Amino acid sequence: MKIAYLTTALAILMLCAPHASAQGVDELARADVKSSKPAPRTAEGHTDFNGYWKSIRGTITGNIGKDLPGMKLPLTPAGEAALQHNLTATIDPESLCIIGGTPRHNASGLPFEIVQSQKKVVFLYFYSYYRAIPVDGRKHTEDPDPSFFGEEIGRWEGDTLVVDSTGFKDEKVWIDENANPHSDALHVVERWTRPDFEHIHVDTLIEDSKFYTKPFHYARTWILGQPDETLAEYSCSENNVDQSHLGFGPGGIRPDGTRGYIDPKPLPPPVTPAKK
Amino acid sequence: MHARFAAFTVLIAGGLLASVPVVRLQAHHSFAAEFDGNRPMRLVGTITKVEWTNPHSYFYIDVKDDQGKVTNWACEGGGPGALSRRGWKRGDLKLGDTLIVDGYLARDGSHLIDARRVTLPDGRIVSGASAGDGGPQVPGTTNP
């Protein structure tokens, strides 16, 4: 009889095992590790950010307010109205193949790659978008053409790469996956560091006096991918069948601040055990 | 004694599940913006078309109901990159093969489901989910 119970126990554990191992797949995120190596440096002595960077498992992604008390953004009345508009009258611009821009890409759970040269730092994103940040001493122009990433100017402050961005679009933009808004008054200052070999970190200051009553911060750390990991081709409008089936807004937001159903109904049980 | 042992077993299994870190990533769009989490369903049908494309892969299956009426359904999966990383290759889907697709119905009620869990003709059960769409986790697959 004990054998029968042992069999039951093993069967239950086997049912769990694929789930556990599935979660161990480093498809887009990686478990965190402690690094024993310092950050590398370029020939010029700057911090070397080159690499393929992935989410750290357990990070709350997609929510630009994650570091605020109660994750509550300091919206102005105009900002609140813009949020309600996004929730009830707009389809996620990214799903319509529109660039997510800054700072949305920093809140994403998707990996990105950095290619760095002496006077330029280039971020390559999962959806085949990129931003090339000049780090050559130039200043902001007087009236930059509005864009999704804004006019981005880089400079070094010691080992920190500071990216100052202005000149943003104010239509067809969500500031994060949860449909929070930003206006054309957005000003973003990113402070990028590489605390050790395995990690890259950003501390972001977000100012938008039209939609937010005060500036706020968003911080995030990513972990280095494996040496052979890189981005693949991704043509967003190749076959965007889903576009005509999407509703407005991101859907529900869960208590942990991420989008999705709180308690979806389960699928029918699998028909056969999963094969190894 | 036996009951206590069984309860212990369930506790251990539950503990293992609970200890698995939850991953929240972002996909091309939110699962909840397209699919109804309260309308899971199973389709069994033969493959009529395969689109191994971005931002999603689609495969289409003919499903026969109890009255013999055949309806063609679209099944939405992750892009080729995501599916390939899970060991699912384009050649795994051949026209005329039978698939079992467990997923969620589109919110607009069209013949479109989220290919959350797919039982391939060779018996493998794979996740077809779009990586990090915020949709339900599905035990027994390489669901992201």
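**Opening question**

Between which two strands of chain A is the loop that holds A:Ala179? A:Ala179 lies in the loop between strand 7 and strand 8 of chain A. Helices (H or I, at least four residues) and strands (E, at least two) are DSSP runs, numbered from the N terminus.

**Basis of the model**

This is a predicted model, in which local features need pLDDT of at least 70 and side-chain atom pairs count only at pLDDT 80 or more, while totals for chains, interfaces and linings use all residues. Residues are numbered from 1 along each chain as its sequence is written, and chains are lettered from A and ligands numbered from 1 in the order in which they are written.

The predictor's confidence in each residue, pLDDT, runs from 0 to 100. Chain A has a mean pLDDT of 90, and 89% of its residues reach 70 or more. Over residues 1-25 of chain A, however, pLDDT stays under 50, and the model has 32 contacts beyond four places in sequence for this stretch. Two residues are in contact if their C-beta atoms, placed from the backbone, lie within 7 Å. Where pLDDT is low, the predicted coordinates should not be read in detail.

**Chain A**

Chain A contains 3 helices and 10 strands, arranged along the sequence as α-β-β-α-α-β-β-β-β-β-β-β-β. Of its 276 residues, 37% are buried. A residue is buried if 20 or more other C-beta atoms lie within 10 Å of its own, exposed if 12 or fewer, and partly exposed in between, with C-beta atoms placed from the backbone. Among contacts in chain A between residues at least 6 apart in sequence, 62% join residues at least 24 apart.

**Chain B**

Chain B has 3 helices and 7 strands, and its pattern along the sequence is α-α-β-β-β-α-β-β-β-β. Buried residues form 49% of the 144 residues in this chain. For contacts in chain B with a separation of 6 or more, 51% involve residues 24 or more positions apart.

**Nonpolar cores**

A nonpolar core is a set of buried Ala, Val, Leu, Ile, Met, Phe, Trp, Tyr and Cys residues joined through C-beta atoms within 7 Å. The largest has 47 residues, of which B:Ile61, B:Trp73, B:Cys75, B:Val101 and B:Ile113 touch the most other members. Strand 4 (residues 98-106) of chain B gives the most to this core, with 5 residues. A second, separate core of 16 residues includes A:Ala82, A:Trp174, A:Ala179 and A:Ile206. In soluble globular proteins, nonpolar side chains tend to be buried together.

Leaving aside residues up to four places away in sequence, B:Trp73 touches B:Leu43, B:Gly45, B:Tyr60, B:Ile61, B:Val63, B:His111 and B:Ile113.

**Backbone features**

Most residues other than glycine have a negative phi, and most peptide bonds are trans. The bond from A:Thr102 to A:Pro103 is cis, with omega near 5 degrees; A:Pro103 is placed in the loop between helix 2 (77-89) and helix 3 (104-107) of chain A. In chain B, the bond from B:Asn54 to B:Pro55 is cis, with omega near 0 degrees, and B:Pro55 is in the loop between strand 1 (35-51) and strand 2 (57-64).

A:Lys172, which is not a glycine, has a positive phi of about 55 degrees. A:Lys172 is found in the loop between strand 7 (160-166) and strand 8 (187-196) of chain A, and is partly exposed, with 14 other C-beta atoms within 10 Å. A:Ala179 has a positive phi near 75 degrees. A:Ala179 is buried, because 26 other C-beta atoms lie within 10 Å.
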